[in-house]
Amino acid sequence: MEIFQVPALQSEVNRLNIQVLDMAYAKLDKRWRNGGFYTTFTRIYMVRSGSAMIRCEGQEVLLLPGNIYIIPAGVMFEFCCDGEMEKFFYHINVPRYNQYDIFDGCKKCIILHNRAKEIEKTVAYCQENTVSAAIALKEQLYRLVLQAIRAGGIEPGDIENYSNPIKIAVSYIHSQLNANLTIEAIAQRVGLTPLALQKHFRQEIGIPLRRYINDQLMIAAEQALWRKNLSVSQISEQLGFCDQFYFSRRFKQHFGISPTAYRKRIFT
């Protein structure tokens, strides 16, 4: 008898988790319209009836009944409905080890055609309010993500094999994430000079360390906006910004709109 261990794959199976930021059934009308913003999460629209129009990075897509549409994280996104539409939607994040969404970098809407039966099953599950229904929806999400990756020609690549200092750095950044986090503090934690850390980080992660910290800070800010019990001022304080106005300026530089305006948009 032989047993072949696959520790890297086992670790990735345990680590990978689809985070559901929001899910709901929506009946939309002409008030469903907005333009010119992007999110760091991926949207899944399951259209049941009616129609609407979205635009992803200039690509116009007509939303039609029976189809499932995946709008990747990071695309410039607009939408409008000139009549009525019913859909079930997920807002999800599928974080890779570096914490960027697995769809980040895909610049087109991915369409899964002829899924009316699957959409009806989803609606039925959402009316059950049972553990079995939750497991069924979770299974569906993983299957949809895999199908979207293949349909969109996305190549996630091999499991990331970062060096120990970079693994420690990434973990430390997310455990200590705030506006006052410095490269010097991270370098001290991993036992490298700041210059050496920045060099290795860019080589392995693919972007400068300062940009990575800012990106993760803005992702945290965006996710905090989903928690309606936190005001913009409280989010600013929680993330270590000196005041709400500086936080709002940094947020607008990243997303193109203020945190207050962003909060009004993300729940559609």
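User: What makes the set of 57 residues a nonpolar core?

Analyst: A nonpolar core is a set of buried Ala, Val, Leu, Ile, Met, Phe, Trp, Tyr and Cys residues joined through side-chain atoms within 4.5 Å. In this predicted model, the largest such set has 57 residues, and those with the most contacts inside it include Trp-32, Ile-54, Leu-63 and Phe-77. Helix α7 (residues 209–225) supplies the largest share of this core, eight residues. A second, separate core has 22 residues, among them Ile-44, Met-46, Val-94 and Ala-148.

User: Which residues is Leu-63 in contact with, leaving aside its neighbours within four places in sequence?

Analyst: Contact means heavy atoms within 4.5 Å. With those neighbours left aside, the partners of Leu-63 include Trp-32, Tyr-45, Val-47, Ile-54 and Met-85.

User: Why is Asn-98 called buried?

Analyst: A residue is buried under 20% relative accessible area, exposed over 50%, and partly exposed in between (1.4 Å probe, protein chains only). Asn-98 has 11% relative accessibility, and therefore counts as buried. Asn-98 is placed in the loop between β8 (85–93) and β9. Apart from neighbours within four places in sequence, Asn-98 touches Tyr-162, Ile-205, Tyr-212 and Gln-216.

User: Why are Asn-114 and Asn-129 called exposed?

Analyst: The relative accessible area of Asn-114 is 71%, so this residue is exposed. Asn-129, at 75% relative accessibility, is likewise exposed. Asn-114 lies in the loop between β9 (110–112) and α2 (116–126), while Asn-129 lies in the loop between α2 and α3 (131–151). Neither is a glycine, yet phi is positive in both: about 55° for Asn-114 and near 60° for Asn-129.

User: How do you know that the radius of gyration of the protein chain agrees with that of a compact globule?

Analyst: The radius of gyration is taken over C-alpha atoms, and the globule rule is 2.2 Å times the number of residues to the power 0.38. For 268 residues the rule gives a value near 18 Å; the protein chain has 20 Å, which agrees. Buried residues make up 44% of the 268 residues.

User: What makes up the count of helices and strands?

Analyst: Helices (H or I, at least four residues) and strands (E, at least two) are DSSP runs, numbered from the N terminus. The protein chain has ten helices and nine strands.

Residues are numbered from 1 along each chain as its sequence is written, and side-chain values use heavy atoms, with hydrogens and water left out. As the model is predicted, local features need pLDDT of at least 70 and side-chain atom pairs count only at pLDDT 80 or more, whereas totals for chains, interfaces and linings use all residues.
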